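Here is a short walk through one protein model, written to be read with the structure open beside it. We will look at some helix packing, then the nonpolar core, and finish with a pair of backbone details.

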Amino acid sequence: MTKVTNTEQRQVWNGWLGEHWVVHPDHYDGLLEGYNAPILDAAEVGVSSRVLDVGCGTGQLTREAAARARNGSATGVDISARMVDAARERARGMANVSFDEGDAQIHPFPHGGYDAVVSRGGVMFFDDAVAAFTNFGQALRGGGRLAFLAPGPSDPDSEYARATAVLRPYMTKRSPTTRRMMSLVERDAIHTLLEASGFRDARVERVGTVATLGSDPADAAEFVCGQGRVRSCLEEYDDDTRRGVRDELEEALAAFHTADGVRVANTACLVSAVRP
């Protein structure tokens with residue numbers, strides 16, 4: 001593995017949070033997979049594209065990029081060794097996919113080696129965002145495209161917020177990941193970052209999907225309560241309180257139970273830009 005500068009994030013994503021992703025990859029994919037096609041479209045991934053997926057996690061977006069770029073390739077990089085191992089296993093048999101464990105802020109990407117850089121939210125966790133975006137930006141050829149997902153401002157009236165409203169009184173602190181995610185909430189901050197990192201023609205647009213949180217309300221409630229910030233906040237309370245919150249959440253999610261699982265509408269921001 002290359003040198004790491006984001007030591008806190010390495011610890012987080014190689015600890016219990018990364019483990020939760022490895023144990024529940026289908027749940028996280030159910031939460032985010034509706035954004036895959038818009039990201040790849042914005043990056044203009046074609047049959048011969050060379051694609052880099054930053055913060056690839058267990059690799060679903062990387063695999064979908066490789067399926068589009070059937071005459072090209074897709075490489076995923078992530079700071080979590082466990083998640084990279086899981087990504088490799090899930091991509092077994094795909095000849096044009098590879099995964100690297102590394103810190104994308106300083107990883108030695110080949111200069112001009114990619115036509116597209118994509119990310120399903122994995123670009124929000126750097127100590128020095130400008131250094132990171134500059135680093136994987138130089139891996140793009142001239143005219144290459146960047147496309148990634150960012151959270152955008154919270155919407156208390158969204159269906160997801162309403163479905164999980166029972167959690168709101170308990171969300172009293174920010175986890176290490178939440179603090180970093182909030183750095184890419186405001187459009188002005190995103191535009192400033194991309195300009196400082198050498199990108200042009202930045203665009204930020206709101207996109208929606210329907211997230212699958214679990215197979216049934218109990219499964220969905222257990223999954224949501226195990227996610228990063230939720231788990232971090234609920235750890236402040238005793239077992240009875242945590243069980244009570246989970247039970248209330250399960251009851252609320254029952255209203256969204258369909259034949260295809262617990263499905264809740266959600267939105268995020270799709271960001272795209274071009275490397276001059």
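Let's begin with helix 2 (residues 16–23) and helix 6 (residues 81–90), which pack at an angle of about 15° with their axes 8 Å apart. Angles under 35 degrees count as roughly parallel, and helix 2 and helix 6 are therefore roughly parallel to each other. Their crossing is left-handed. On the helix 2 side, Gly18, Glu19, Trp21 and Val22 meet Arg82, Met83 and Ala86 of helix 6. By class, the residues of this contact are four nonpolar, one polar and two charged. Please keep in mind that this is a predicted model.

A second pair to find is helix 11 (residues 217–226) with helix 13 (residues 239–253), packed at an angle of about 130° with axes 8 Å apart. That angle makes helix 11 oblique to helix 13. Helix 11 passes helix 13 in a right-handed crossing. Helix 11 brings Pro217, Ala218, Ala220, Ala221, Glu222, Val224 and Cys225 to the contact, while helix 13 supplies Arg246, Leu249, Glu250 and Leu253. Eight of the residues in the contact of helix 11 with helix 13 are nonpolar, three are charged and none is polar.

Here are the two pairs in one place:

| Helix pair | Angle | Axis distance | Crossing |
|---|---|---|---|
| Helix 2 and helix 6 | about 15° | 8 Å | left-handed |
| Helix 11 and helix 13 | about 130° | 8 Å | right-handed |

Which residues touch the most other members of the largest nonpolar core? In this core of 87 residues, they are Phe133, Phe136, Leu146, Phe148, Leu194 and Leu213. Strand 8 (residues 261–274) provides the largest share of the core, with seven residues.

Finally, the backbone. Most residues other than glycine have a negative phi. Glu44, although not a glycine, has a positive phi of about 55°. You will find Glu44 in the loop between helix 4 (36–42) and strand 1 (50–54). Is Glu44 buried or exposed? Its relative accessibility is 57%, so Glu44 counts as exposed, the cut-off being over 50%. Asp201 has a positive phi of about 55° as well, and is not a glycine either. Asp201 lies in strand 6 (residues 200–214).

Note on methods:
Residues are numbered from 1 along each chain as its sequence is written. This is a predicted model: local features need pLDDT of at least 70, side-chain atom pairs count only at pLDDT 80 or more; totals for chains, interfaces and linings use all residues. Side-chain values use heavy atoms; hydrogens and water are left out. A nonpolar core is a set of buried Ala, Val, Leu, Ile, Met, Phe, Trp, Tyr and Cys residues joined through side-chain atoms within 4.5 Å. Buried means under 20% relative accessible area, exposed over 50%, partly exposed in between (1.4 Å probe, protein chains only). Helices (H or I, at least four residues) and strands (E, at least two) are DSSP runs, numbered from the N terminus. Axes are lines fitted to C-alpha atoms, for helices over the stretch in contact, and angles run from 0 to 180 degrees between N-to-C directions. Angles under 35 degrees count as roughly parallel, over 145 as roughly antiparallel, 65 to 115 as roughly perpendicular and the rest as oblique. A crossing is left-handed if the near helix is turned anticlockwise from the far one by less than a right angle, and right-handed if clockwise. Contact means heavy atoms within 4.5 Å. Ala, Val, Leu, Ile, Met, Phe, Trp, Tyr, Cys and Pro count as nonpolar, Asp, Glu, Lys and Arg as charged, and the others, Gly among them, as polar.
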